[in-house]
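Please look over the structure shown below.

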Amino acid sequence: MARGRGEPQRITYLIPGALSTARIFGPLRKPSGPGHLVMEYRFPGLEKQPSDPPMRVADVAAAIAAHARRYPGARLEILGYSTGGAIALEAAGRIGPARQLRVVVLSGVTPVPGAYESAARGALAVGVSALTVGSLQPRAIWGEYYKVLLYGYGWRRDPAIRRQAERQAARDRDHLILPVKGLGRAHTKDLLRWTLSDAARHSGAEILFLHGSEDPVFAVGGISGLARRVGGTLCVVPGGGHVMLVTHPRILGRIEAFLTDEWQAAECR
């Protein structure tokens, strides 16, 4: 999906995570002016897309790079959330150092064996959620697990955080995209075998990682190592879980600052 018209001077690619859409990027979906083209990736089975074939990191990355080549004079930006972070890094590698490119990876993923370890932790957390709600209904279970995604495994410990998690989960309960009808598999199976390509390691892009200190899906330590491998900057958001764009909307300002040369890297580690 494209937003903006005419020959672009600036192109922003928005890549959401599994079981999500580009709506998670909020106001960043809106073009900043007539020369700004915003492109959104849609996962299989969502927003009228066929559920087959499943998402493949290399294929989506190649499609983004091919589109970017059509506009050699445009300034490029790629924003990837969660699974979209892997796609963003691989797309940057395919675009290469000859182009001006900035990449933001939010709540990113790590290469093999990262996804296997994450899946194991997630399966255990989903099982605990099922026991907590005393139900096998997917919406009830996922609504409980969503609290973990919001604030991490320790969300119950602080009464204030617990209240926030309960309120946000209640607000979002009916809008969650559930891993049913094969959606989860179609969105994440290829991630299980994702290894960082040599091109991605040497993309030459300016890369910012924004990651929550309490992210239950991929730990800060693994993301820190990934950031070093690609020459990126890691900014850890205190108290952030995996869905920081919901719980910490101020990071949208950090993203905009990074994209517009107003970024202050001193606050990150």
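Two residues are in contact when they have heavy atoms within 4.5 Å of each other. Helices (H or I, at least four residues) and strands (E, at least two) are DSSP runs, numbered from the N terminus. This is a predicted model, in which local features need pLDDT of at least 70, side-chain atom pairs count only at pLDDT 80 or more, and totals for chains, interfaces and linings use all residues. Residues are numbered from 1 along each chain as its sequence is written, and side-chain values use heavy atoms, with hydrogens and water left out.

- Two packed helices are described by the angle between their axes and the distance between the axes.
- Axes are lines fitted to C-alpha atoms, for helices over the stretch in contact, and angles run from 0 to 180 degrees between N-to-C directions.
- The axes of α4 and α5 cross at roughly 125 degrees and come within 9 Å.
- These two helices, α4 and α5, are therefore oblique to each other (angles under 35 degrees count as roughly parallel, over 145 as roughly antiparallel, 65 to 115 as roughly perpendicular and the rest as oblique).
- The crossing of α4 and α5 is right-handed; a crossing is right-handed if the near helix is turned clockwise from the far one by less than a right angle, and left-handed if anticlockwise.
- On the α4 side, G143, Y146, K147, L150 and Y151 meet I161, Q164, A165, E166, Q168, A169 and D172 of α5.
- By class, this contact of α4 with α5 has six nonpolar, three polar and three charged residues (Ala, Val, Leu, Ile, Met, Phe, Trp, Tyr, Cys and Pro count as nonpolar, Asp, Glu, Lys and Arg as charged, and the others, Gly among them, as polar).

**Packing of α3 and α4**

- Helix α3 (residues 114-133) packs with α4 at an angle of about 115 degrees, and their axes are 8 Å apart.
- α3 and α4 are therefore roughly perpendicular to each other, and their crossing is right-handed.
- Residues of α3, including G122, A125 and V126, meet A140, I141, W142, E144 and Y145 in α4.

**Salt bridges**

- Side chains of opposite charge can pair when their charged atoms come close.
- A salt bridge is a side-chain nitrogen of Lys or Arg within 4 Å of a carboxyl oxygen of Asp or Glu, and by this rule the count comes to 14 salt bridges.
- K147 and E144 form a salt bridge, with the closest N and O atoms 2.8 Å apart.
- K147 and E144 are about one helical turn apart because they lie three residues from each other in helix α4 (residues 138-151).
- K147 is buried, at 8% relative accessible area (buried means under 20%, exposed over 50%, partly exposed in between, with a 1.4 Å probe and protein chains only).
- E144 is also buried, at 9%.
- E144 also forms a salt bridge with R156, at 2.8 Å from N to O.
- This pair links distant parts of the chain, twelve residues apart: E144 is in helix α4, and R156 is in the loop between α4 and α5 (159-172).
- R156 is partly exposed, with a relative accessible area of 36%.
- R193 and D190 form a salt bridge, their closest N and O atoms being 2.9 Å apart.
- R193 is exposed at 54%, whereas D190 is buried at 12%.
- Salt bridges that share partners join E144, K147, R156 and E166 into one network.

**The loop residue S51**

- S51 lies in the loop between β3 (36-40) and α1 (57-69) and is partly exposed, with a relative accessible area of 47%.
- Leaving out residues up to four places away in sequence, S51 touches P44, G45 and A186.
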